[in-house]
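Here is a short briefing on how one protein chain folds. Have a look at the model first.

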Amino acid sequence: MDTKRCPNCGLVNAASAMRCDCGLVFASHSLNVAGNDWDSDEVQAAIRVYVQNGVPPENIVQNLASEGINENAARQLVRRVLASMGTGRQVSPYSNHSQRMFAGVLVLLGGIVVTGLAYLLTPRGGTFIIFSGLIAIGMIQFCIGLFGWVLNKILK
Ligand SMILES: [Zn+2]
(Lines give C-alpha, C1' and ligand atoms only; values in the text may rest on other atoms or scores of the structure.)
Protein backbone atom coordinates (compact mmCIF):
# COMPACT_ATOMS: atom_id res chain seq x y z
CA MET A 1 0.00 0.00 0.00
CA ASP A 2 1.23 3.51 -0.80
CA THR A 3 2.01 5.68 2.18
CA LYS A 4 3.24 9.19 2.85
CA ARG A 5 4.93 10.54 5.91
CA CYS A 6 3.61 13.70 7.59
CA PRO A 7 6.31 16.40 7.47
CA ASN A 8 4.89 17.93 10.65
CA CYS A 9 4.74 14.99 13.09
CA GLY A 10 6.32 12.13 11.15
CA LEU A 11 3.22 9.89 11.27
CA VAL A 12 2.90 7.55 8.29
CA ASN A 13 -0.46 8.05 6.59
CA ALA A 14 -2.17 6.31 3.69
CA ALA A 15 -1.20 7.94 0.40
CA SER A 16 -4.84 8.93 -0.10
CA ALA A 17 -5.09 10.75 3.27
CA MET A 18 -6.09 14.41 2.96
CA ARG A 19 -5.23 15.33 6.53
CA CYS A 20 -2.94 13.97 9.22
CA ASP A 21 -3.99 13.24 12.83
CA CYS A 22 -1.91 16.24 13.93
CA GLY A 23 -4.17 18.51 11.86
CA LEU A 24 -1.84 19.21 8.95
CA VAL A 25 -3.64 19.34 5.61
CA PHE A 26 -1.51 17.57 3.05
CA ALA A 27 -0.42 19.37 -0.09
CA SER A 28 -2.18 18.07 -3.20
CA HIS A 29 1.15 16.63 -4.28
CA SER A 30 3.02 14.64 -1.65
CA LEU A 31 6.72 14.95 -0.99
CA ASN A 32 6.97 11.37 -2.19
CA VAL A 33 9.54 11.77 -4.91
CA ALA A 34 9.49 8.26 -6.30
CA GLY A 35 9.07 8.67 -10.04
CA ASN A 36 9.47 12.45 -9.84
CA ASP A 37 12.47 14.71 -10.11
CA TRP A 38 13.31 15.55 -6.51
CA ASP A 39 13.41 19.29 -7.32
CA SER A 40 10.39 19.29 -9.62
CA ASP A 41 7.88 22.15 -9.52
CA GLU A 42 5.38 19.81 -7.84
CA VAL A 43 7.73 18.97 -4.99
CA GLN A 44 8.63 22.66 -4.57
CA ALA A 45 4.92 23.55 -4.52
CA ALA A 46 4.34 20.91 -1.83
CA ILE A 47 7.19 22.35 0.26
CA ARG A 48 5.64 25.82 -0.09
CA VAL A 49 2.27 24.54 1.17
CA TYR A 50 3.89 22.94 4.22
CA VAL A 51 5.87 26.09 5.02
CA GLN A 52 2.65 28.12 4.82
CA ASN A 53 1.04 25.61 7.20
CA GLY A 54 3.76 26.37 9.73
CA VAL A 55 5.77 23.16 9.41
CA PRO A 56 9.36 23.88 10.54
CA PRO A 57 11.72 23.83 7.51
CA GLU A 58 13.96 21.28 9.25
CA ASN A 59 11.03 18.82 9.45
CA ILE A 60 10.46 19.18 5.71
CA VAL A 61 14.15 18.50 5.11
CA GLN A 62 13.98 15.35 7.26
CA ASN A 63 10.84 14.25 5.45
CA LEU A 64 12.50 14.66 2.07
CA ALA A 65 15.53 12.79 3.38
CA SER A 66 13.26 9.93 4.46
CA GLU A 67 12.07 9.76 0.85
CA GLY A 68 15.60 8.96 -0.20
CA ILE A 69 16.92 12.41 -1.10
CA ASN A 70 20.40 13.33 0.04
CA GLU A 71 19.88 15.45 3.18
CA ASN A 72 22.15 18.29 2.03
CA ALA A 73 20.38 18.44 -1.32
CA ALA A 74 17.03 18.47 0.48
CA ARG A 75 18.19 21.33 2.73
CA GLN A 76 19.35 23.31 -0.30
CA LEU A 77 15.99 22.80 -1.97
CA VAL A 78 13.99 23.87 1.10
CA ARG A 79 16.27 26.89 1.51
CA ARG A 80 15.69 27.80 -2.13
CA VAL A 81 11.91 27.57 -1.71
CA LEU A 82 12.08 29.68 1.48
CA ALA A 83 14.18 32.30 -0.33
CA SER A 84 11.65 32.43 -3.19
CA MET A 85 8.89 33.00 -0.62
CA GLY A 86 10.83 35.83 1.03
CA THR A 87 10.39 34.15 4.44
CA GLY A 88 13.87 35.11 5.56
CA ARG A 89 13.05 38.78 5.14
CA GLN A 90 9.70 38.63 6.94
CA VAL A 91 10.87 37.06 10.18
CA SER A 92 13.81 39.16 11.35
CA PRO A 93 12.51 42.77 11.28
CA TYR A 94 9.51 41.68 13.31
CA SER A 95 11.59 40.65 16.31
CA ASN A 96 13.91 43.64 15.82
CA HIS A 97 10.99 46.04 16.23
CA SER A 98 9.80 44.23 19.35
CA GLN A 99 13.31 44.32 20.80
CA ARG A 100 13.58 48.03 20.05
CA MET A 101 10.26 48.73 21.78
CA PHE A 102 11.40 46.72 24.79
CA ALA A 103 14.77 48.52 24.93
CA GLY A 104 12.96 51.84 24.58
CA VAL A 105 10.69 51.03 27.53
CA LEU A 106 13.70 50.04 29.66
CA VAL A 107 15.56 53.29 28.87
CA LEU A 108 12.36 55.27 29.45
CA LEU A 109 11.75 53.67 32.85
CA GLY A 110 15.44 54.08 33.74
CA GLY A 111 15.22 57.75 32.81
CA ILE A 112 12.11 58.26 34.93
CA VAL A 113 13.68 56.57 37.97
CA VAL A 114 16.99 58.45 37.67
CA THR A 115 15.26 61.77 37.04
CA GLY A 116 12.94 61.19 40.01
CA LEU A 117 15.88 60.40 42.29
CA ALA A 118 17.87 63.37 41.04
CA TYR A 119 14.86 65.60 41.59
CA LEU A 120 14.44 64.37 45.16
CA LEU A 121 18.14 64.59 45.97
CA THR A 122 18.87 67.96 44.35
CA PRO A 123 17.36 70.87 46.31
CA ARG A 124 17.19 73.43 43.53
CA GLY A 125 17.06 71.08 40.61
CA GLY A 126 20.08 71.65 38.41
CA THR A 127 21.41 68.29 37.35
CA PHE A 128 18.15 66.33 37.10
CA ILE A 129 17.35 67.95 33.76
CA ILE A 130 20.23 66.00 32.20
CA PHE A 131 18.58 62.69 32.98
CA SER A 132 15.35 63.68 31.32
CA GLY A 133 17.34 63.22 28.10
CA LEU A 134 17.20 59.48 28.83
CA ILE A 135 13.40 59.66 28.88
CA ALA A 136 13.43 61.38 25.49
CA ILE A 137 15.79 58.76 24.02
CA GLY A 138 13.64 55.96 25.45
CA MET A 139 10.46 57.47 24.00
CA ILE A 140 12.05 57.94 20.58
CA GLN A 141 13.34 54.35 20.54
CA PHE A 142 9.93 53.07 21.59
CA CYS A 143 8.12 55.11 18.93
CA ILE A 144 10.49 53.93 16.16
CA GLY A 145 10.02 50.34 17.31
CA LEU A 146 6.24 50.75 17.56
CA PHE A 147 6.04 52.40 14.14
CA GLY A 148 8.06 49.57 12.54
CA TRP A 149 6.02 46.94 14.36
CA VAL A 150 2.67 48.43 13.29
CA LEU A 151 3.91 48.90 9.73
CA ASN A 152 4.98 45.26 9.69
CA LYS A 153 1.51 44.17 10.88
CA ILE A 154 -0.24 46.21 8.21
CA LEU A 155 2.02 45.01 5.40
CA LYS A 156 1.80 41.39 6.48
ZN1 LIG B 1 1.08 14.89 11.31
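Predicted model: local features only at pLDDT ≥ 70, side-chain atom pairs only at ≥ 80, totals over all residues.

Residues are numbered from 1 along each chain as its sequence is written.

**Overall layout**

- The protein has 5 helices and 2 strands. Helices (H or I, at least four residues) and strands (E, at least two) are DSSP runs, numbered from the N terminus.
- Starting at the N terminus, the order of elements is β-β-α-α-α-α-α.
- Of its 156 residues, 14% count as buried. Buried means that 20 or more other C-beta atoms lie within 10 Å of the residue's own; 12 or fewer makes it exposed, anything in between partly exposed, and C-beta atoms are placed from the backbone.
- Among contacts in the protein with a separation of 6 or more, 49% join residues 24 or more positions apart. Two residues are in contact if their C-beta atoms, placed from the backbone, lie within 7 Å.

**The largest nonpolar core**

- This core has 10 residues: Val43, Ala46, Ile47, Tyr50, Ile60, Val61, Leu64, Ala74, Val78 and Val81. A nonpolar core is a set of buried Ala, Val, Leu, Ile, Met, Phe, Trp, Tyr and Cys residues joined through C-beta atoms within 7 Å.
- At least two core residues come from each of α1 (41-52), α2 (57-66) and α3 (71-85). α1 gives the largest share, 4 residues.
- Which residues does Val61 contact, leaving aside neighbours within four places in sequence? They are Glu71, Ala74, Arg75 and Val78.

**α1 against α3**

- These helices pack at an angle of about 65°, with axes 10 Å apart. Axes are lines fitted to C-alpha atoms, for helices over the stretch in contact, and angles run from 0 to 180 degrees between N-to-C directions.
- α1 and α3 are therefore roughly perpendicular to each other. Angles of 65 to 115 degrees count as roughly perpendicular, under 35 as roughly parallel, over 145 as roughly antiparallel and the rest as oblique.
- Gln44, Ile47, Arg48 and Val51 of α1 meet Val78, Val81, Leu82 and Met85 of α3.

**α2 against α3**

- The axes of α2 and α3 come within 9 Å and cross at roughly 140°. The two helices are therefore oblique to each other.
- On the α2 side, the contact is made by Pro57, Ile60, Val61, Leu64 and Ala65. α3 brings Glu71, Ala74, Arg75, Val78 and Leu82.
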